[in-house]
Amino acid sequence: MVIDELDRRIVGALQLNGRAPWSAIARWAGASETTVQRRFTALHERGLVHVVGVVDLDRTAAGSSMLVRVQAQPGKGWELAEQLAARPEARFLAVVTGTADLIVDFVAHDNDELLRLLFTDLPGAELIAGTDSVAVIRTFTTAPLWDTGLLPPEAAEDLRPAHQPLYERADWGAPPRPPSELERAVAEELAADGRLPISTIARRLSRSESSVARALDRLLATGSLQFRTLVEPALLGYDVEFMLWLSIHPGKLNEAGRCLARHPGTKFLAASTGRFNLVGQMVLPGTADLFRYTDEVIGRLPGLTASDVTLHLATLKRAWTRVDRFR
């Protein structure tokens, strides 16, 4: 399945800002607003592109993330993947190759919920040969902040005027700010459709448009809500997607994290607990680029003591959304 250059420019603009006005997207796509809207609708109806609102866990105290590497019983990987993806706590799930069969990102509200999920209520337990878990403790960058590189740097400056890397924000690591009842309700509406008009949200919540707009502005200003454009990287020219698992000397963790977060192929990067204390999700144009990346990027990270790569074969879930069913 392929898309053309105009479609890619539209997706590139949406990745920079999923709620950007159609006029701004049209300007960088090089087409009329009517054409851009029509192209987006066609991509969305084909199941290729979807914009969703994503709550930032670090800023809102909405829960904590646990990345689980799962080894499945022989021949049971896909069956297990389906069962795990069905769990509402699974934010992300990919079938991979390497030292694990599946990667699952579970989000739990508290330790009790996490205990039940991992040790009592884990679905498909009879299909699991082993697991290895790491808890996310600090996020360097997230998928909504990734730049596809399909548009010039000026596009990012225009569509993300107030953008700062997470690790450069003055409130990075500050105590979370739980959203208000209205802010939570607005975020829930946008979780299904990130481009939902303010007027529609206000009508559904029986609130005024001005109060909904202010709530959304607060969520965005505090970094509590981001917009994610869900699209398979291969459609944008990135045929290799993988999880990177690194062991970094503790005294070099912050330096290594900031360094790797700046790489254009980094979609997500976080510090974590366990034998891997820096975990990321990356994309590259092709398999040949992986050797150079291993040598020139991973190999030169400060404090590196060990590394592992798990290549994506299929992704079932991104941002709590079943993306395989779109296709």
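1. Start at Ser 206, in the loop between helix 9 and helix 10 (209-221). Helices here are DSSP runs of H or I with at least four residues, strands are runs of E with at least two, and both are numbered from the N terminus. The model is a predicted one: local features need pLDDT of at least 70, side-chain atom pairs count only at pLDDT 80 or more, and totals for chains, interfaces and linings use all residues. Residues are numbered from 1 along each chain as its sequence is written, and side-chain values use heavy atoms, with hydrogens and water left out.

2. Is Ser 206 buried or exposed? Ser 206 is exposed, with a relative accessible area of 65%. Buried means under 20% relative accessible area, exposed means over 50%, and partly exposed lies in between (1.4 Å probe, protein chains only). Check the backbone here too. Phi of Ser 206 is near 55 degrees, a positive value in a residue other than glycine. The residue comes just after helix 9.

3. Ala 61 also deserves a look. Its phi is near 60 degrees, again positive in a residue other than glycine. Ala 61 sits in the loop between helix 4 (57-60) and strand 2.

4. Now go back to helix 9. Which of its residues are buried? They are Thr 200, Ile 201 and Ala 202. These buried residues pack against helix 8 and helix 10.

5. Look at helix 8 (residues 181-192) against helix 9 (residues 198-205). Their axes come within 11 Å and cross at roughly 120 degrees. Axes are lines fitted to C-alpha atoms, for helices over the stretch in contact, and angles run from 0 to 180 degrees between N-to-C directions. Helix 8 and helix 9 are therefore oblique to each other. On this scale, angles under 35 degrees count as roughly parallel, over 145 as roughly antiparallel, 65 to 115 as roughly perpendicular, and the rest as oblique. Helix 8 passes helix 9 in a right-handed crossing. A crossing is right-handed if the near helix is turned clockwise from the far one by less than a right angle, and left-handed if anticlockwise.

6. Which residues meet there? Helix 8 brings Leu 182, Ala 185, Val 186, Glu 189 and Leu 190, and helix 9 brings Ile 201, Arg 204 and Leu 205. Contact means heavy atoms within 4.5 Å. By class, the contact of helix 8 with helix 9 has six nonpolar, no polar and two charged residues. Ala, Val, Leu, Ile, Met, Phe, Trp, Tyr, Cys and Pro count as nonpolar, Asp, Glu, Lys and Arg as charged, and the others, Gly among them, as polar.

7. Helix 1 (residues 5-16) and helix 2 (residues 22-29) pack at an angle of about 130 degrees, with axes 9 Å apart. They are therefore oblique to each other. Helix 1 passes helix 2 in a right-handed crossing. Leu 6, Arg 9, Ile 10, Ala 13 and Leu 14 of helix 1 touch Ile 25, Trp 28 and Ala 29 of helix 2. The contact of helix 1 with helix 2 holds seven nonpolar, no polar and one charged residues.

8. Helix 2 also meets helix 3 (residues 33-45). The two axes come within 9 Å and cross at roughly 95 degrees. That makes helix 2 roughly perpendicular to helix 3. Trp 22, Ser 23, Ile 25, Ala 26 and Ala 29 of helix 2 make the contact with Glu 33, Val 36, Gln 37 and Phe 40 of helix 3. Those residues divide into six nonpolar, two polar and one charged.

9. Why is strand 2 (residues 64-72) largely enclosed by the rest of the structure? Seven of its nine residues are buried, so the strand is largely enclosed. Strand 2 pairs with strand 4 (residues 102-108) in the antiparallel sense over seven bridges. Two strands pair if DSSP finds at least two bridges between them. Ser 64 stands opposite Ala 108 in strand 4. Seven bridges also join strand 2 to strand 5 (residues 128-141), and these run antiparallel. There, Leu 67 has Val 134 as its bridge partner.

10. Finish with Lys 317, in strand 10 (residues 304-318). Lys 317 is buried, with a relative accessible area of 5%. Lys 317 and Ala 85 are 232 residues apart in sequence, yet 6.7 Å apart in space, C-alpha to C-alpha. Not counting residues up to four places away in sequence, Lys 317 touches several residues, including Ala 85, Arg 87, Pro 88 and Phe 92.
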